[in-house]
Structures are given as C-alpha cells and as structure tokens.
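Please take a moment with the sequence and the structure shown below.

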Amino acid sequence: MRRHGTMTREEACDMLWSLYLISGAPMYEAPDYDSVQPWLYKDERDNDIAAKSGVISALSIMDTKQMSRNLGIHEQRLKHLHAAYAAAIIKRLKSLHLPDFGKKETALKDEIIRSHPANPDGNVIGSDIKDYEWTHRWNNLVTFSSRNSMYHSYVSGFMEKIFVPMLVKNFPDQAGEVVKYIRKAGYGDGEVLDLIDRTAGYNSNTAYLYQGKSGEEHRKKLQRKQSGE
C-alpha cells in the first residue's frame, strides 16, 4: 500500500477482497460467564477487534487515485466502498457494546466469589486456586468485561477519529453523503454533529456540515459551551 504507483491490478483486487472479507467476518462468540468451560478463543483475546480496526487504518491511508487507475474504475466508487466498509465495522462494534454492563459486573463477581467452595463467606480469593471450573467461570466474566470495554474504546478512541476525517476528505461539500455514512455506522440524528465535533471539529473543511438550521443552532451551542456560558 505504500509503494506509490507500483501496485498491480491483481494486487489491488486482492487487497480490496481481503478488506471486504475481514470487514464482514463474524466476531468471536462472547465468553459465557455462566459456563464452567474455558472460552473457546481465550488465546486469541481481541484479535478479531484488532483486525477490524486494521481495516479502517488501511482504508484511511489508501491512495484512491492510484487504486482507481489500477482497477480501471471511477475513484468515487472506491470512496463509497471504503466508507461502507468502515461504517459497517463501527456499527457492528457499537451494537456489541453494553454501556450498562459495569453496573452489574460487581454483583456478578461477588456471586462467583461466593460460589467458590473454599470461600463460602465470600472472602478474598488467593492466587492458589485449584478449582478449575470456578476459575474458568471467573476468567470468562473478566474477559467478557474486558471485551465489552474494548468495543467502546476501539470505536471512540480510534475508529471514529479516522472515520469522520476520511468522510470529510472523500466527500468535500457533500454533507448528505457524510451524514449518510455516519448514520450507517449506527449513529442517530442527534449524535451526528456531536460526533463531528469530537473528531474533525468545526473548521474551514467541515463548515459545510454545519449548514442549515440545526447546524447553526448546534454551532451556537458549541460556542456558548466553549465560552463557559
């Protein structure tokens, strides 16, 4: 991808198909914290999430002009394809995140601790745990919680910051297209401008996204917030 002009048509096709397959591949089945069996993907951890993130990274640095020449198709088609890939990935991860899980996690941990035969009173468990079934249940809960946090952190801490600037770059002065793909990524109408604020921000390149009554009202609200009113 970084070889500037030397990618063959076959290589370009292989790349797009690879990104398509990774984008659409199913996520690992979530750990079952009620199960006494180890999680099937315990050695893989977050590789599925990282792979999806890698697709968005690849899309963000891809030279669509070069790809267009190599493939013999209009560059705009590639831009729409890239936006669709990224939107689908973000929507999938957003749908898996349970924002309120933390509220029940402590109770679940307490329940598992109390279930340990060596700790009927719920005392703190030491590191020398020989009850493997209990350990698997505990590890499944910890892994479930960790992956749940990753869904959010990967999206908000990384993917969004690549996704929105990519849309702004690929669809300048086409607010409808930018908003369309943001909605496809799972954001509601009331979330669109907030997402743009925290990723691309209001500037000369994004001003067209704040046009219209709602955009103007949002910008004024943002200015009042920044001035401390």
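Leaving aside its neighbours within four places in sequence, which residues is S145 in contact with? S145 is in contact with F101 and E105, where contact means heavy atoms within 4.5 Å. The model is a predicted one, in which local features need pLDDT of at least 70 and side-chain atom pairs count only at pLDDT 80 or more, while totals for chains, interfaces and linings use all residues. Residues are numbered from 1 along each chain as its sequence is written, and side-chain values use heavy atoms, with hydrogens and water left out.

- S145 lies in helix α6, helices being DSSP runs of H or I with at least four residues, numbered from the N terminus.
- S145 counts as buried because its relative accessibility is 11%; buried means under 20% relative accessible area, exposed over 50% and partly exposed in between, with a 1.4 Å probe and protein chains only.
- The side chains of S145 and E105 are joined by a polar contact of 2.8 Å, a term for a pair of N or O atoms within 3.5 Å in which, within protein, one must be able to donate a hydrogen and the other to accept it, and residues adjacent in sequence count only if both atoms are side-chain atoms.
- S146 is found in α6 as well, a helix that covers residues 132–170, and at 25% relative accessibility S146 counts as partly exposed.
- Although S146 and D46 are 100 residues apart in sequence, they are 9.2 Å apart in space, C-alpha to C-alpha.

**Where α6 meets α8**

- The axes of α6 and helix α8 (residues 192–199) come within 9 Å and cross at roughly 100°; axes are lines fitted to C-alpha atoms, for helices over the stretch in contact, with angles from 0 to 180 degrees between N-to-C directions.
- The two helices, α6 and α8, are therefore roughly perpendicular to each other, the word used for angles of 65 to 115 degrees.
- From α6, E160, K161 and V164 meet L195, I196, R198 and T199 in α8.
- A salt bridge (a side-chain nitrogen of Lys or Arg within 4 Å of a carboxyl oxygen of Asp or Glu) joins the side chains of E160 and R198 at 3.2 Å, N to O.
- Because E160 lies in α6 and R198 in α8, this pair ties together parts that are 38 residues apart in sequence.
- E160 is buried, with a relative accessible area of 4%, whereas R198 counts as partly exposed at 48%.

- Helix α3 (residues 64–71) is mostly covered, with 6 of its 8 residues buried, and what covers the buried ones includes α1 (9–24) and α4 (75–96).
- After α3 comes G72, whose phi is positive, near 70°.
- E75, in helix α4, touches T64, K65 and S68, not counting residues up to four places away in sequence, and a polar contact of 3.5 Å joins the side chains of E75 and K65.

**Charged pairs**

- The count of salt bridges comes to 11.
- E75 forms one with K79, the closest N and O atoms being 3.7 Å apart, and both residues of this pair, E75 and K79, are buried.
- D34, E111 and R137 are linked in a network of salt bridges.

Key. Parallel < 35°, antiparallel > 145°, perpendicular 65-115°, else oblique.
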